[in-house]
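Hello,

Here is the structure we talked about passing on to you. Please open it alongside this email, and my notes follow below.

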Amino acid sequence: MDMGQSLLLLLLLLMGRDGLCEQEEVCLKSEINSCGDCIKSGPYCAWCQKLDFTKPGEQEAVRCDTRRQLQLRGCQMEDIISPVNVVNITKDNPLSASFVQEEPVQMRPQMIRLNLRPGLPSTFTVSFKRAEGYPVDLYYLMDLSYSMKDDLAKVQNLGNDLFVALAKITKYAKIGFGAFVDKTVLPYTNTNKEKLQKPCDEDEQYCQAAFGYRHVLSMTSSASEFRVKVGQQFISGNLDSPEGSLDAMMQAAVCGDKLGWRNSSTRLIVLATDAGFHMAGDGKLAGILEPNDEQCHMENQLYIKSNHMDYPSVGQLAMQLEKHNIQPIFAVTQNMEAVYKDLSKMIPKSEVGVLSADSRNVVQLIENAYSRLSSKVTVTHDNLPENVRVQYNPRCDNPEPSSSSKGVCNDVRVGKKISFDITVTTLSCMEEESFTIKLPGIRDTLTVALSTNCECQCKDHKDTPHPHCQSKGSVVCGVCSCLEGHVGQFCNCSIGDKDERSLKESCRRQNGTECEGRGDCECGRCRCHTSESGKSYYGEFCQCDDEHCEKFQNKQCAGNGDCKCGRCVCHDGFEGSACQCKKDVTECLTPNNTVCYGRGECSCGLCKCHGTYQPPHCQKCLGCPDPCLTKMSCIECLGFELGPFKKNCSAACRPSIEHVVVDKFTMAGKECRQKDSEGCWVTFKLVQTFGMDNYTAEILKKRDCPEPPSVLAIIGGSVAAVALIGLLLLMLVKILIYMKDLKAWKKFENEKKRSKWAEADNPLFQNATTTVANPTFTGE
């Protein structure tokens, strides 16, 4: 046969196996006691219900395998039980070509029932085609804070332009209008009575009172009505920069009957603003602690719970928008583009466009955003059961990669039919449940009713005694189900007055599996099965076999031993857990020609050391006590006949320590220096020899003993110290007294300097001396 013929034959063989290069079906069996256990083991496990399918000594678990393997063992196709997936489409209305004043069908099928086998995937196809002329409801939600004054003037004249733009899409278009500012409480709005009535600047002539959200115009197809209603609106104002946008969007979403949303329409909310938004938690600044309840609270077209309920969270808003099939378009100024793009990422089917300074481009912005929304078709699921997995595979011109969360097709034109292959897999048996396949922004849905097929539909008579079971039991899926009082594969064992449970307990080793899972318990004894090679398991509990021993170089027991009950029994001259080593101690010999220094066993040419001794030759020990400390008592008694062992030194120390007293060390080893029982320093060296606790020691003859203390010196020093301390204390007292006196003297001197004595004559004082002057005396 030449090379070309060989390749052709190989190709034909591959194609004959359920398709070219298809993965082979595998049944990974666990503990199998019945057909039901088999079916639950894996998606490709099948059960053979043929009588006498099992050979003597085989367990009934051999009935569980793949279809192919069962057929190879002689089981006919009609005797093979293998549940398959059943897909039943219960509602499949055709897709509508265009909108003709009735509910169009844009997705098919609409209802499907799946009966699945756990682990076995089932795929069905969902088709979608956007109907031409499908109605559009557009709700223009505008920020009327003072900074949007120029924009309001422009929007008041947009009615005709908006309807003209929508007419390009559908002739069934309607437009509504709503406005918002913020909660009318501090710190969002000035609560001064005059400022509440006119929150704008004093120069502003037309300004309406502050409000949270107001619905102005329900859905209408009249451009003039839009122009009149919007023309009646005036600007308002608040204090802080963020606005109550999320409050307004939540009410616009949940108050559908008040806004006039139609059931069959594409619903759009255009949010026009130049500021950010408050969200859940911000209400605490105003003392508003009640969470948003996602309910409609509109009276007289005004949101009446604005000051009593917190702002909604982004998650709450996204859920309600998705629930009501509303697609938001955020028309924002350039400085807010990044903020709203981050918000758009958290809200499915939303778009962001940049407004000009006076909203002049809003019509073109809405056209572009709607085009992007309508051309991107997304299919996803809702209320998916926990043990169910879904995979989406888009079939269109511009698909996104397959995903387990959604399927996406881009650039889909109106009237273009696309499809998605949806694969559903259940991971375990379950009661009947359902989930929904939907397209965000589209009303159409597909309801998937899901149940599992985990039971065997066998052709037998469960309650009729059968000869195959010695007429003492009935046949269930080919296996005997014995009557009370009988056990065994063919109900051939009568248990008499014994308890069946106690009989089965005698077949369990250490409360383990019955007969180790390798045999059947019959009348309290294990009847062992045969292994895959045809040999029998053996032992009291079928715990032994001679086929599963350790291998070396892909040979059982390395070919140097026999497998006995799961362990290798080596031939002479071999050792090791797999008999992989020759008995040779050459690699374990030490320099002193010992094996592992007597501190380990030689196995497979390597020392297996005792305790914490270290390979390769068990010479050193990590973590062992320091011999300098542990052998000090023996060194003391051997070298100097001192210490705790001096009375029985020979018995306690001589067997393990060979010693010599020297003037100078002659051998290499660890030098130790320890104190003996008399307080002298002893210097010695230890070298560990063959064995676990054997040493050779050299002990220096001379000990280093400290001189005894001088009693006279101690007494004299003590007396001198006491005298010195007393003298120092007297001097300290004298210094303290001197310092105190000095302080008092300085105080006296300072007071004396500060005193001022008055100098004057006492009028009551008469001098005792009288002086008389002679008037004629000239002094000559």
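Cys 581 counts as buried, because its relative accessibility is 11% and the cut-off for buried is under 20%. Its disulfide partner is Cys 604, with the two sulfur atoms 1.7 Å apart. Cys 604 is partly exposed, at a relative accessible area of 27%. The link of Cys 581 and Cys 604 is right-handed, with 100° about the S-S bond. Cys 581 sits in strand 33 (residues 581–582) and Cys 604 in the loop between strand 34 (600–603) and strand 35 (606–609), so this pair ties together parts that are 23 residues apart in sequence. Please keep in mind that this is a predicted model, so every distance and angle in this email is computed from it.

That bond is one of the 25 disulfides in the structure. As a reminder, a disulfide is a covalent bond between the sulfur atoms of two cysteines. Here are two others to look at.

Cys 549 is joined to Cys 563 by a disulfide, with an S to S distance of 2.1 Å. This link is right-handed, with 80° about the S-S bond. Cys 549 lies in the loop between strand 27 (525–528) and strand 28 (551–552), while Cys 563 belongs to strand 30 (residues 561–564), so the pair ties together parts that are 14 residues apart in sequence. Are these two cysteines buried or exposed? Cys 549 has a relative accessible area of 8% and is buried; Cys 563, with 9%, is buried as well.

Cys 200 and Cys 207 also form a disulfide, and their sulfur atoms are 2.0 Å apart. The link of Cys 200 and Cys 207 is right-handed, with 75° about the S-S bond. Both of these cysteines are buried.

Next, have a look at strand 8, which runs over residues 136–143. How many of its residues are buried? The count is 8 of 8, so by the under 20% cut-off for buried the strand is mostly covered. Val 136, Leu 138, Tyr 140 and Met 142 point one way from strand 8, whereas Asp 137, Tyr 139, Leu 141 and Asp 143 point the other way.

With strand 9 (residues 173–180) it pairs in the parallel sense, over 8 bridges.

Helix 14 (627–630) and strand 38 (681–688) each supply at least two residues of the lining. Which of the elements gives the most to this lining? That is strand 38, with 3 residues. By residue type, the lining of this pocket divides into 11 nonpolar, 4 polar and 6 charged.

Happy to go through any of this with you at the screen.

Best wishes

How values were computed
Residues are numbered from 1 along each chain as its sequence is written. This is a predicted model: local features need pLDDT of at least 70, side-chain atom pairs count only at pLDDT 80 or more; totals for chains, interfaces and linings use all residues. Side-chain values use heavy atoms; hydrogens and water are left out. Helices (H or I, at least four residues) and strands (E, at least two) are DSSP runs, numbered from the N terminus. Ala, Val, Leu, Ile, Met, Phe, Trp, Tyr, Cys and Pro count as nonpolar, Asp, Glu, Lys and Arg as charged, and the others, Gly among them, as polar. Buried means under 20% relative accessible area, exposed over 50%, partly exposed in between (1.4 Å probe, protein chains only). Two strands pair if DSSP finds at least two bridges between them. A disulfide is a pair of cysteine sulfur atoms within 2.5 Å.
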